[in-house]
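Subject: Handover of a structure and notes on its contents

Dear colleague,

Please find below the sequence and structure that I am handing over to you. My notes on the fold follow directly after.

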Amino acid sequence: MPKPRILLTGAAGGVGQLLLPGLVESYDVVLTDRVPAPGMVTGDLADPDFLAKVTSGVDSIVHLAANPDAGATWDELRTPNVDVVASILATEVPRVVLASSVHVMGAYAGHRQVPVDPDWAPAPCCAYGATKALAEALARVRAYQTGRSVVALRLGATSAEPGDVTALAGWLGPADLQQLVVRALEADVTFAVCHGVSANTRSDWLVRNPIGYEPVLDSEDYADQVPVDDYWALCSPGSGTPR
């Protein structure tokens, strides 16, 4: 039997590189990014012709490509984080796994209303989080109107190791990232939202979910190695836009 064919967007980025080893054995993965790299189909997903080319014949899309800057302006975010997502969701590819962000719920974390329940209403802490909330809403529309599946993953601080002490509450390690995306690709759901964080002792995020994701890593293993930072304090009222 041929392997399912998957398009991985934003594949040259840090999250894509952490994810790819967990996909290559089970899936035929097509890699795309705006950044030229070996094995990469290079182009701009905002170009309809390029989008049509790279989505042709794929069974699923794992969409990571975005402007990830939590301090970016709406003008900087609109095309990559909203318009491109709308175009991805308008394709007839049966399943889209959409990289959202915990910033969709960042105001709860900023107010220390934790642990944050994935079923609560979105409460973005910045324009970046708002674009991800809008992307989730567009995903729900697609699922409702067409019956084609979308799973939105609210990724936390995704890295090989936590980068600072604040990341201990929302870290997503490589093995859990890989499990999370595979679960999202295989789950029998039409629409789902899942907090993408590891099983962290200090977690601010509930990972209750309908896709069978069961994280195993714990940022506490790195607690005595990381520098001090106070990221979510910047999401508190009156603090301005976070970095």
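I begin with helix α6, whose 13 residues reach 18 Å from the first C-alpha to the last. That is close to the 18 Å expected at 1.5 Å a residue, the expected span being 1.5 Å times one less than the number of residues. Helices (H or I, at least four residues) and strands (E, at least two) are DSSP runs, numbered from the N terminus. Within α6, the residues D176, L177, Q178, Q179, L180, V181, A184 and L185 are buried; buried means under 20% relative accessible area, exposed over 50%, and partly exposed in between (1.4 Å probe, protein chains only).

Please note that this is a predicted model, in which local features need pLDDT of at least 70 and side-chain atom pairs count only at pLDDT 80 or more, while totals for chains, interfaces and linings use all residues. Residues are numbered from 1 along each chain as its sequence is written, and side-chain values use heavy atoms, with hydrogens and water left out.

On confidence, the mean pLDDT of the protein is 93, and 94% of its residues reach 70 or more; pLDDT is the predictor's confidence in each residue, from 0 to 100. Over residues 236-243 the pLDDT is below 50, and this stretch has 22 contacts in the model beyond near neighbours in sequence. Contact means heavy atoms within 4.5 Å.

The sheet

Seven strands form an open sheet with parallel pairing, in the order β3-β2-β1-β4-β5-β6-β9. Two strands pair if DSSP finds at least two bridges between them. The edges are taken by β3 (40-42) and β9 (191-196), each of which has a single partner strand, so one side of each is left without a neighbour in the sheet. From one strand to the next, the twist averages 20 degrees.

Strand β1 (residues 5-9) pairs with β2 (residues 28-33) in the parallel sense over five bridges, and L8 stands opposite L31 in β2. Four of the five residues of β1 are buried. At β9, six bridges join the strand to β6, and the two run parallel; here L153 stands opposite C194 in β9. Six of the six residues of β9 are buried: F191, V193 and H195 point one way from the strand, and A192, C194 and G196 the other way.

Helices on the sheet

Helix α3 (residues 74-89) lies across β4 (60-63), β5 (95-101) and β6 (149-155), and runs at about 170 degrees to β4. Helix α5 (residues 127-146) also packs on the sheet, where it touches β5, β6 and β9, and its direction makes about 155 degrees with that of β5. For these angles, axes are lines fitted to C-alpha atoms, for helices over the stretch in contact, and angles run from 0 to 180 degrees between N-to-C directions.

E136 lies in α5 and is buried, with a relative accessible area of 6%. Leaving aside neighbours within four places in sequence, E136 is in contact with S100, V104, A152, R154, F191 and V193.

V15, in helix α1, is partly exposed, with a relative accessible area of 23%. Beyond four places in sequence, the contacts of V15 are L64, L155, T158 and L177.

The nonpolar cores

The largest nonpolar core has 30 residues, of which L8, V62, L153 and I211 touch the most other members. A nonpolar core is a set of buried Ala, Val, Leu, Ile, Met, Phe, Trp, Tyr and Cys residues joined through side-chain atoms within 4.5 Å. At least two residues of this core come from each of β1, α1 (14-19), β2, β5, β6, α6 (174-186) and β9, and α6 supplies the largest share, five residues. Not counting residues up to four places away in sequence, I211 touches V151, L153, L180, R183, A184, A187, V189, A192 and C194. Another core, of 22 residues, lies apart from it, with L89, A139, A143 and V150 among its members.

The loop between α4 and α5

Two backbone features fall in this loop. A cis peptide bond joins V114 and P115, with omega about 0 degrees, and P115 is placed in the loop between α4 (106-110) and α5. R112 is in the loop between α4 and α5 as well; its phi is near 60 degrees, a positive value in a residue other than glycine. R112 is partly exposed, with a relative accessible area of 47%.

With kind regards
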